[in-house]
Amino acid sequence: MTQDPLASPAPEPSRAPTPTRDAEPTYVESRGAESLGAESPGDNQSNAEPLGDLHPIDALLRRPQQTIAKLADADSPRTLVTLVSLGLAGLATYGLVIGSFSGGVQWWAAPAKVLAAAGLCGAICFPSLYVFVTLAGARVRAREVLGVVAVMLALVAIFLASFAPIAWVFTQSSTLVTFVGALHVVVWIACAVASRRVLNAALKQWRARPTGLTSAWILILIITSLQMTTTLRPIVGSAPELLDGERKFFLAHWAESFASDARTGSSGDANSEY
Amino acid sequence: MQAPGELSCLNELCGDSGPFAARPDGDARRRTRDAVLWLVAGSSAYGAAMGAWSSFELSLYAAIKLPVLLVATAGVNALANGVVARAAGYRLSLGDALRVVVAAFALAGIVLGSLAPVVLLFDRTVPAPWSPAAWRSHDLLGVLHVAAIAIAGTAAVVRQRRWLAEFAPRREPGALAFAWLALNLFVGAQLAWNLRPWFGSPGMASEFLREHPFDGTCYESVFRLVAQSTFDPK
């Protein structure tokens, strides 16, 4: 692929290995890079390990900027396949945990709906992300922004998969659809917010500045995903139909579900599907 | 600075350098044409999504009316905007002022167009206009449109300030941008009122314009609403 000098990252200077007591080469780790809240994981790119040395999951978590850079080089198809595979696996894993609450048809329907929701939200929010990063000063092609959406979804999927055991414990213990549903919503929002580090890294790479618009985009993504999951309900509970055809705003649906659970204290019935 | 080929127009509008900076090689006519095309494309997409809650017809009508609203607002305000700019000390011709306003509207149209898929999702998934919960959807969509227009308007005004700064680097462009914003909001709100319906109201037909589109103003309507609720709450 021909790279636009404005859109492509500057070549990453590699760090010389630092000898240790056992004479094994190691690399200096940037302080705080593992922190979820790290503002710009790519801040210390010059301290980074060589691109090929990190496992894809490790690279996504610790050096999202490297993964974004890989999408722009000749190896991009392989990177994209890796990202998509990670995304599918992570989302399907979390979907299985969600489906385990009701069992039955939800064993396959919940993972399928989680995957569909993530993909559709990415597609729906992509145009606004493209325009917003352009307004932030990035001069990029649409496919590069699409790549960042893929990286974000893959990172969200990894976060979700890592929370899957915790969610499973509560899913198996709770009898209230609304409690389990709220838990999944909180986990999803936390993962989406944490994936903002990818967007920050991309903006840095594109020599753009983070603006209020890029923060607003995360909010748009979250609101879109909440409406999408409401549209694809039931995902947590069960219902006679695979899809409840009734059109509802997500807040109205939540209010009705909470009221229903408060009245009956029931779990997973058709009146309180989430 | 050369933008990636396929998106040079968009990058020119959204980028820092601005589309109408006083450049010796400035091709103002081409840039104006590009801005108008983006304005029409973006705002049509948003208009179509806006009207899609009610019916296909209203979606089509709103796709036509929203670009008309923006162009008409710029046109009606052109003279006043130009005069205000001169009064504020900017050496902008009427054409320059109009081009900067149109470019800002185009930018707002692009942002709105990029939000059209999100609006369309809500249109198709909240209760329909013929359902019992239609008014709740109506109010929700109203809030959604206000939020989208606020995002687009803010992005456009912020960018417009930068463009104005290019024309007169020694002046603070905030005052002129604010004056233009006030004028455009004042006139735009009225024209939007005249061009109703936008996303429809439960129980009302999907039509291109209301029966008497020039009967009354939005400000009179707000005044009546406030007066009625204050002095005659029954």
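How many salt bridges does the rule find across the interface of chain A and chain B? In this predicted model, the number is zero. Polar contacts are present, however: seven residue pairs, both partners at pLDDT 80 or more, are in polar contact between chain A and chain B.

On the side of chain A that touches chain B, α4 (106-135), α8 (212-231) and α9 (250-264) of chain A each supply at least two residues. Of these contributions, the largest share belongs to α4(A), with nine residues. By residue class, this side of chain A divides into 18 nonpolar, five polar and six charged residues.

Turning to the extent of the interface, 29 residues from chain A and 32 residues from chain B take part in the contact. Together the two chains bury about 2,700 Å², and carbon and sulfur atoms account for 67% of that area. On chain A, 29% of the area buried against chain B is supplied by A:L135, A:R139 and A:R247, more than by any other three residues.

The largest pocket has a volume of about 1,200 Å³, and 38 residues line it, with B:L69, B:I149, B:G188, B:A189 and B:A192 nearest its centre. Two or more lining residues come from each of α2 (28-51), α3 (56-87), α4 (94-125), α5 (134-167) and α6 (174-194) of chain B. Among the contributors to this lining, α5(B) gives the most, eleven residues. The lining comprises 26 nonpolar, ten polar and two charged residues.

Key
Residues numbered from 1 in each chain as written. Chains lettered and ligands numbered in written order. Predicted model: local features only at pLDDT ≥ 70, side-chain atom pairs only at ≥ 80, totals over all residues. Heavy atoms only, no water. Contact = heavy atoms within 4.5 Å. Buried area = accessible area lost by both parts, 1.4 Å probe. Salt bridge = Lys/Arg side-chain N within 4 Å of Asp/Glu carboxyl O. Polar contact = N/O pair within 3.5 Å; in protein donor to acceptor, adjacent residues only side chain to side chain. Helix = DSSP H or I, 4+ residues; strand = E, 2+ residues; numbered from the N terminus. Nonpolar A, V, L, I, M, F, W, Y, C, P; charged D, E, K, R; others polar. 1 Å grid on protein atoms, 1.4 Å probe; cavity = no way out; pocket = protein on both sides within 12 Å on 5 of 7 lines; lining within 4 Å. Points joined across faces, edges and corners; volume = space filled by probe spheres on them.
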